[in-house]
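Work through the exercises below with the structure open. Try each task before reading its solution.

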Amino acid sequence: MEKFEVKAYGTPAATADLQPLTIERRVLTDTDIEIEILYCGVCHSDLHTARNDWGGTAYPAVPGHEIVGKITKLGAAVSKFKVGDLAAVGCMVDSCRECSSCKQDLEQYCISGFTGTYNGRDKHSGGRTFGGYSEKVVVNEHFVLKVPENLNLAAVAPLLCAGITTWSPLRHWKVGKGSRVAVTGLGGLGHMAIKLAKALGAEVTLFSRSPDKEKDALALGADKVIISTNDAQMMSVKGKFDLIIDTVPTMHDINPYIPTLNLNGTLVLVGYLGPLDPYLNTVPLILSRKSVAGSLIGGIAETQEMLDFCGEHNIVSEIEVIKMEEINEAYERMLKSDVRYRFVIDMATI
Ligand code: NAP
Ligand code: ZN
Ligand code: ZN
């Protein structure tokens, strides 16, 4: 299959800094769209992948799955978009489109596995997929989203992962007026969870380890902040929440949060991928029918629903725009929870 070269920024090894690279993209098929990338958000998953935290990273790796830009070329059969339109791409660029998950618009749970925007296997070219820290991307039209025109484009980028990853559980667990929602961790995902839950009509509490984030949390729409290391504060919200969205990216003890759930309440893990330590105590789960669940990004239709909702409600991410060459420093700051609240790369600086 024919390919063309584009500039990118990525890493040749788990222990190397990100650096300039040249990568190849496939020449458009009939159903493909070429997007000139204008901004790309920096997700904690980019860092996990670059550093092989989850295993399985193929190098060189080019992260980035919060992509917004302008359409520069269309395959002959593309009908939903035109050249010059704004467009966005999130965490997926392909799936089988035929299995029971795909048929329910849940491509993220495709039974044969979705193709990740980076570190996936490109079904057309056979090579690896490369993410949005790059000049251009080529994506099947089904996986391209429409961007509301009224929003700040750079601040839309994080909606494509941080936004949808928190929107999907809010919708699945039917959060609305009268719901009581808590969010654990105020970073990229956490700050979007607060904004979206609030806009859906919920009463929102933040669990954080960082007292200095309280003022920001309230400004973002939280009604209350609980410092998770303070036992008295934790006791004060016993039995309160219908849903807790836990965005913490590392191993942590979730047992202290379970008593803060209401009867039938659910703690949904979206941040940490791996075994829990210490073990989860089932007693409080059984005694008041509580659940611990997980959730992965969101489907394409649901992502469009979230973008349209953000357009209507004027919701975007709080961002710090960086130059491409500042990415290694941004990763270090992310590891220190020093992100207010999402880095976005200005791709003109690549
Ligand atoms: P982030 O911006 O780095 O935010 C994570 C926040 O968690 C931090 O700001 C901090 O908030 C809190 N935190 C960090 N370390 C902690 C610790 N050891 N104990 C307790 N709290 C801690 O990261 P993000 O981009 O939001 O991503 C969060 C996680 O979600 C990552 O692991 C990422 O890979 C994952 N993710 C999952 C999905 C999915 O589909 N399920 C999608 C995207 C990302 P405080 O200072 O408030 O405590
Ligand atoms: Zn992400
Ligand atoms: Zn499928």
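**Exercise 1. Polar contacts of the ligand**

Task: Which atoms of Val 270, Lys 213 and Arg 342 come up to ligand 1, and at what distances?

Solution. 
- Step 1. Take Val 270. One of its backbone N or O atoms lies 2.9 Å from a nitrogen atom of ligand 1. The model is predicted, so treat each distance here as a computed value.
- Step 2. Turn to Lys 213. A polar atom in its side chain sits 2.7 Å from an oxygen atom of ligand 1.
- Step 3. An N or O atom of its side chain is 2.6 Å from an oxygen atom of ligand 1.
- Step 4. Ask about cover. On its own, ligand 1 has 930 Å² of accessible area, and the protein covers 90% of that.

**Exercise 2. The shell around the ligand**

Task: How many residues surround ligand 1, and which elements give two or more of them?

Solution. 
- Step 1. Count the shell: 28 residues surround ligand 1. The closest are Ser 208, Ser 210, Lys 213, Ile 297 and Arg 342.
- Step 2. Sort by class. The shell holds 11 nonpolar, 14 polar and 3 charged residues.
- Step 3. Assign elements. Helices α1 (44-50) and α5 (188-199) are the elements that give two or more residues to the shell.
- Step 4. The largest share, 3 residues, comes from α1.

**Exercise 3. Antiparallel neighbours of β4**

Task: How many bridges join β4 to β3, and how many pair β4 with β5?

Solution. 
- Step 1. Start with β3 (residues 32-42). This strand runs antiparallel to β4 (residues 67-74), and 7 bridges join the two.
- Step 2. Find a pair. Ile 35 has Ile 71 in β4 as its bridge partner.
- Step 3. Move to β5 (residues 86-89). β4 pairs with β5 over 4 bridges, again in the antiparallel sense.
- Step 4. Find a pair here too. Lys 70 stands opposite Leu 86 in β5.

**Exercise 4. Backbone exceptions**

Task: Where do Pro 60, Tyr 341 and Arg 97 lie? Note the backbone feature at each.

Solution. 
- Step 1. Recall the background. Most peptide bonds are trans, and most residues other than glycine have a negative phi.
- Step 2. Inspect Pro 60. A cis peptide bond joins Tyr 59 to Pro 60, with omega about 0°. Pro 60 is in the loop between α1 and β4.
- Step 3. Inspect Tyr 341. The bond from Arg 340 to Tyr 341 is cis, and omega is near -5°. Tyr 341 falls in the loop between α10 (327-335) and β17 (342-346).
- Step 4. Finish with Arg 97. Its phi is positive, about 65°, although Arg 97 is not a glycine. The residue lies in the loop between β6 (92-94) and α2 (100-103).

Methods: Residues numbered from 1 in each chain as written. Chains lettered and ligands numbered in written order. Predicted model: local features only at pLDDT ≥ 70, side-chain atom pairs only at ≥ 80, totals over all residues. Heavy atoms only, no water. Near = heavy atom within 4 Å. Polar contact = N/O pair within 3.5 Å; in protein donor to acceptor, adjacent residues only side chain to side chain. Areas by Shrake-Rupley, 256 points an atom, 1.4 Å probe, with all protein chains shown as cover. Nonpolar A, V, L, I, M, F, W, Y, C, P; charged D, E, K, R; others polar. Pairing = 2+ DSSP bridges.
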